[in-house]
Amino acid sequence: MGFYDLRAEIEQMLLIARALVYTDPVETLRLAQFITFRAQSINDARAETQAALLIALAFRATPSVAEGVREHMAEVATQLAVHNADDESWLAAIDCHADVAYDIANYAKAMDLWLQLLKRSLAQQWPEGIARAYIGLGKLFFISEDLESSLATHLKVAPLLTQINDKNLHICHHINVAAAHLHLGHDTAAQLALDRAQTLLVDLPFCEFEPELHYYRAHLLRKAGQQDLAKRQLERALALNARSCNHWGKVVNMIALGELHLEQQQMHASQYFM
């Protein structure tokens, strides 16, 4: 009779669930609930905490879920991480909670959470926590149209990148820098930041931020009068968003496509996307 390695099963299911968070959050939820049951059966607090984090991330990736539910699951994951002294999961859970607050326009709550993350990460010297906090605060400056402060905050992340393994975070940083430069009229700097992000994509099987890269590249092409190339970039972004739950990404891509078709007097296509 063979030996069944329950811990190996849990670790492998965690890997699969993480890979599906943004493309199939429903399956991530199913796997995370399965992992929770398995982890509790052998008192594996670490795996149970990571499963709670995956549940929170899956709800964050599903905007159709009620706002209160999304926030509650992020709070549950944060509290469980504190209870089990899992700093890595706490860092990701509080960042997730802040992102949910940002998504539902509760900017005061988002700022409070990102400041909590920044304060503890600075005290503990956690480069990833500091970077996530600065990225979040930079987004808040961006949404309030304080573009200079947004750019300055995002640029604080750059020196930390050599200490951060997660290439998704690198790409997120470069795209946010590009967005700030673009809105400030620094087109060359924006192009450079997008090129840096593009170079990193080759190392990743999936990146939740890739559609934004094509979206901002389309804006640069449109400004340069290259409307057809801009449309190709927006169509690429829309295709990448097709299986994701990023409703905001789909909406802004369709608006931009509608505007481009309108500029080219393609009224039926414009009306379709609008």
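Figure 1. Cys96 is buried, with a relative accessible area of 2%. Cys207 counts as buried too, at 3% relative accessibility. Cys207 takes part in no disulfide, and the nearest cysteine sulfur, that of Cys172, lies 8.2 Å away. That separation is to be set against the cut-off of 2.5 Å between sulfur atoms by which a disulfide is assigned. The structure as a whole holds zero disulfides. A disulfide is a covalent bond between the sulfur atoms of two cysteines.

**Figure 2. The largest nonpolar core of the predicted model.** This core comprises 55 residues. Those with the most contacts inside the core are Trp90, Trp114, Leu117, Ile171, Ile175, Tyr216 and Leu234. At least two core residues come from each of helix 5 (87–103), helix 6 (107–124), helix 7 (127–143), helix 9 (167–183), helix 10 (187–201), helix 11 (210–223), helix 12 (227–241) and helix 13 (247–263). Helix 9 gives the most, supplying nine residues. A second, separate core has 29 residues, among them Ile10, Met13, Ala47 and Ala92.

**Figure 3. Surroundings of Trp114.** Trp114 is one of the residues with the most contacts inside the largest nonpolar core. When its neighbours within four places in sequence are left aside, Trp114 is in contact with Asp95, Ala98, Asp99, Tyr102, Arg132, Ala133, Gly136, Leu137, Lys139 and Leu140. Two of these contacts, Asp99 and Lys139, are paired with each other in a salt bridge, shown in the next view.

Figure 4. The side chains of Asp99 and Lys139 meet at an N to O distance of 2.8 Å. Asp99 belongs to helix 5 and Lys139 to helix 7, and the pair links parts of the chain 40 residues apart. Both Asp99 and Lys139 are buried. Together with Arg60 and Glu208, Asp99 and Lys139 are linked in a network of salt bridges. A search of the whole structure finds 19 salt bridges.

Figure 5. Asp187 and Lys223 form a side-chain salt bridge (2.8 Å, N to O). Asp187 lies in helix 10 and Lys223 in helix 11, so this pair ties together parts that are 36 residues apart in sequence.

Figure 6. Lys231 and Asp228 form a salt bridge in which the closest N and O atoms are 3.9 Å apart. The pair is assigned as a salt bridge because the cut-off between a side-chain nitrogen of Lys or Arg and a carboxyl oxygen of Asp or Glu is 4 Å. Both residues lie in helix 12, three residues apart, about one turn of the helix. Lys231 is buried, with a relative accessible area of 4%, whereas Asp228 counts as partly exposed at 44% relative accessibility.

**Figure 7. A nonpolar surface patch.** Val251, Ile255 and Met274 make a nonpolar surface patch of about 270 Å². Ile255 is located in helix 13. At 38% relative accessibility, Ile255 counts as partly exposed.

Technical notes. Residues are numbered from 1 along each chain as its sequence is written. This is a predicted model: local features need pLDDT of at least 70, side-chain atom pairs count only at pLDDT 80 or more; totals for chains, interfaces and linings use all residues. Side-chain values use heavy atoms; hydrogens and water are left out. A nonpolar core is a set of buried Ala, Val, Leu, Ile, Met, Phe, Trp, Tyr and Cys residues joined through side-chain atoms within 4.5 Å. Buried means under 20% relative accessible area, exposed over 50%, partly exposed in between (1.4 Å probe, protein chains only). Helices (H or I, at least four residues) and strands (E, at least two) are DSSP runs, numbered from the N terminus. Contact means heavy atoms within 4.5 Å. Patches are made of residues with over 30% relative accessible area and no salt bridge: like charges are joined within 9 Å, nonpolar side chains (Val, Leu, Ile, Met, Phe, Trp, Tyr) within 5 Å. Accessible areas come from the Shrake-Rupley method with a 1.4 Å probe; for residues, only the protein chains shown count as cover.
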